[in-house]
Structure formats: C-alpha cells, structure tokens
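Visitor: Please show me the model. I would like to go through it by question and answer.

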Amino acid sequence: MTDAPDPASQAPTLRGTLRPLYRALLGEGMRARLRPLTYPADTAFRAALWRGAQGAVAAGPFTGLKLAPRPFLPHLLGTYERELHPTIDALCTRKWKRVINIGGGNGFYIAGLGRRIPGAELIVFELTAEARAVIAATMTRNGLQDRMTILGAADQSNFAAALGDGEDTLVVIDVEGLEIELTDLTRIPGLRRATLLVETHDVIRPGCRDAVVAHLGATHAVNAIPTQARTLADFPRELSPWLMRLAPSRCVEAVQEWRGGPQEWLLLEPR
Ligand SMILES: C[S@@+](CC[C@H](N)C(=O)[O-])C[C@H]1O[C@@H](n2cnc3c(N)ncnc32)[C@H](O)[C@@H]1O
C-alpha cells in the first residue's frame with residue numbers, strides 16, 4: 001500500500017505547477033490546517049465518511065476499531081485488503097499467545113487483531129517515529145495499551161528475539177521487500193513454529209515472493225492470495241448511498257489502495 005496521491009497531483013496544470021512552491025513555503029502542520037480551504041471538496045467528502053462511520057472501521061474483520069483522525073480511507077471504509085478478510089476471520093478464531101506485526105503503519109493490523117484476539121501479547125515493529133505515535137494513540141483509543149509493545153525498525157536479530165520459539169504466534173509482515181530477510185529460517189529459527197501472513201512486494205523488490213517460498217516452503221504450507229482490482233461496487237453503499245450517487249468517482253478513489261502493480265500475500269502455516 002502507498003499513500004493516496006494528493007488531490008493536487010490531479011488538479012489543473014497551474015495548481016500542479018505551484019504545488020512545489022506551496023510545499024516549500026508551508027510546513028506539513030500549516031498545510032494540514034489550510035486543507036479545508038485548499039481542498040474543500042476532499043475535506044467535506046472525508047468528513048462525511050468519518051461522521052458516517054463514527055470514526056471507526058465500518059466493515060470487515062476489524063469493524064468497530066476506533067481510528068486516528070484522517071485515516072487512510074480503505075481502513076475507515078473497511079474495504080482495506082478485502083482479499084484477506086476470510087483469512088483474517090479464520091485466524092481470529094484460533095488461540096494465539098502472541099501477535100507480532102512488522103511494518104505497523106498506523107496500527108490498523110495490530111490494533112484490529114488485538115481486539116479480535118483477547119489476551120494475546122501484541123508486539124509491533126514500525127520504522128518511523130511519527131507512525132509509532134499514531135500506533136500508540138490507536139492502541140490506547142481501543143483499550144489495548146496494556147498488552148502492547150511498540151518497537152522501532154525490525155531486523156533479523158530483534159525479530160528473532162521477539163519471536164522466541166514461535167509457538168502459538170501469529171506474525172503479520174508488510175515491509176516493502178524486507179520480507180526476504182525476515183523469513184530466513186537459518187537466521188530466525190522461531191519461524192519454524194510460527195504462522196505468518198506476509199505481503200510480498202515484487203513490485204518493489206523483484207523475486208520477493210519466490211524468496212519467501214524458498215525460505216519457508218519446506219516447513220510451512222503455503223497459500224497464496226492475489227490482489228484484486230477495486231471498483232465502485234467495493235464502496236460500502238450502506239455507509240452513504242447519497243455520496244455514491246453524488247460523487248461516484250470520489251467513492252471509487254476512496255477504495256483504491258494505490259499499489260504499484262499486482263501483489264500476493266502468503267499465508268504460511270507450519271506443517
Ligand atoms: C505499507 S506500510 C504498512 C501498512 C500496514 N500494513 C497497514 O495496514 O496500514 C509499511 C510500513 O513499514 C514500515 N517499515 C519499513 N521498514 C521497516 C522495518 N525495517 N521495520 C519496521 N517497519 C518498517 C514503514 O515505515 C511503513 O509504515
């Protein structure tokens with residue numbers, strides 16, 4: 001997943017030309033405050049969705065998860081990675097001692113899984129301090145702060161330490177290519193008994209998917225789940241039928257995940 005393109009990137013040419021100057025002159029905080037003026041339609045659209053969903057995930061396995069303001073819209077709509085919804089639901093019926101999420105982003109997965117898997121220890125690795133702050137806020141908003149550990153950038157050594165023997169541990173990995181190193185059984189022996197859901201990123205690092213299968217294919221059953229295109233039919237009509245009628249192109253845009261090309265997730269379960 002990448003961030004949605006800024007509306008300015010699709011705006012008329014003059015606006016597009018002035019954009020670098022605007023960004024150079026005003027910091028992120030000021031730009032955010034001015035956003036209702038610079039992008040009024042986008043702001044109103046987002047506000048309508050936020051109000052409709054009451055600030056929580058509207059559908060899917062993490063329905064009801066409270067989000068930080070200005071969420072990624074597929075998170076709010078509950079359409080995010082809908083290809084995985086049956087898999088997530090099935091995983092959440094099992095008993096886990098620990099859930100580890102590498103590449104936590106804004107905490108959608110670690111908090112969503114935390115709510116669905118009561119009592120499990122929750123460990124999340126996230127590279128950026130800004131995202132770690134959002135994760136902490138999201139965990140607190142959902143009452144999960146007492147079970148969480150938020151760590152910085154993952155590598156083979158700190159992941160191996162967090163994983164231990166891997167028993168009863170669910171690992172969700174989405175780190176833009178680093179999945180090759182993080183599935184190396186020779187360096188991380190606890191992988192042998194862990195169940196993993198790995199997003200592969202051949203679009204960023206060619207050969208990722210095959211490298212992960214080469215690492216774990218002998219010890220784990222592999223189930224590959226491909227990404228699918230998004231259309232207006234993905235937008236949750238019940239959330240706002242009138243927005244679907246008035247602004248269908250915005251609704252189609254709201255469910256996009258802005259991937260660089262087709263991808264696959266791998267569900268890897270110990271044999
Ligand atoms: C595509 S995003 C994950 C999105 C997340 N799955 C979600 O649902 O919102 C990838 C994240 O990995 C983080 N990241 C990159 N390298 C990392 C590393 N070595 N350890 C932990 N996080 C890392 C990035 O900062 C980014 O937030």
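**Surface patch, ligand and phi**

Guide: L14, L18, L21 and L25 make up a nonpolar surface patch with about 450 Å² of accessible area together. Patch members have over 30% relative accessible area and no salt bridge, with nonpolar side chains (Val, Leu, Ile, Met, Phe, Trp, Tyr) joined within 5 Å and like charges within 9 Å. A salt bridge puts a side-chain nitrogen of Lys or Arg within 4 Å of a carboxyl oxygen of Asp or Glu. Areas are Shrake-Rupley values with a 1.4 Å probe; for residues, only the protein chains shown count as cover.
This is a predicted model: local features need pLDDT of at least 70, side-chain atom pairs 80 or more, while totals for chains, interfaces and linings use all residues. Residues are numbered from 1 along each chain as its sequence is written, and side-chain values use heavy atoms, without hydrogens and water.

Visitor: Is L25 buried or exposed?

Guide: Buried means under 20% relative accessible area, exposed over 50%, partly exposed in between (1.4 Å probe, protein chains only). L25 has 65% relative accessibility, so L25 counts as exposed.

Visitor: How far is a polar side-chain atom of E126 from an oxygen atom of the ligand?

Guide: A polar contact pairs N or O atoms within 3.5 Å; within protein, one must be able to donate a hydrogen and the other to accept it, and sequence neighbours count only if both atoms are side-chain atoms. For E126, the distance to the ligand oxygen is 2.6 Å.

Visitor: Is E81 buried or exposed?

Guide: Phi of E81 is positive, near 50 degrees. Its relative accessibility is 2%, so E81 counts as buried.
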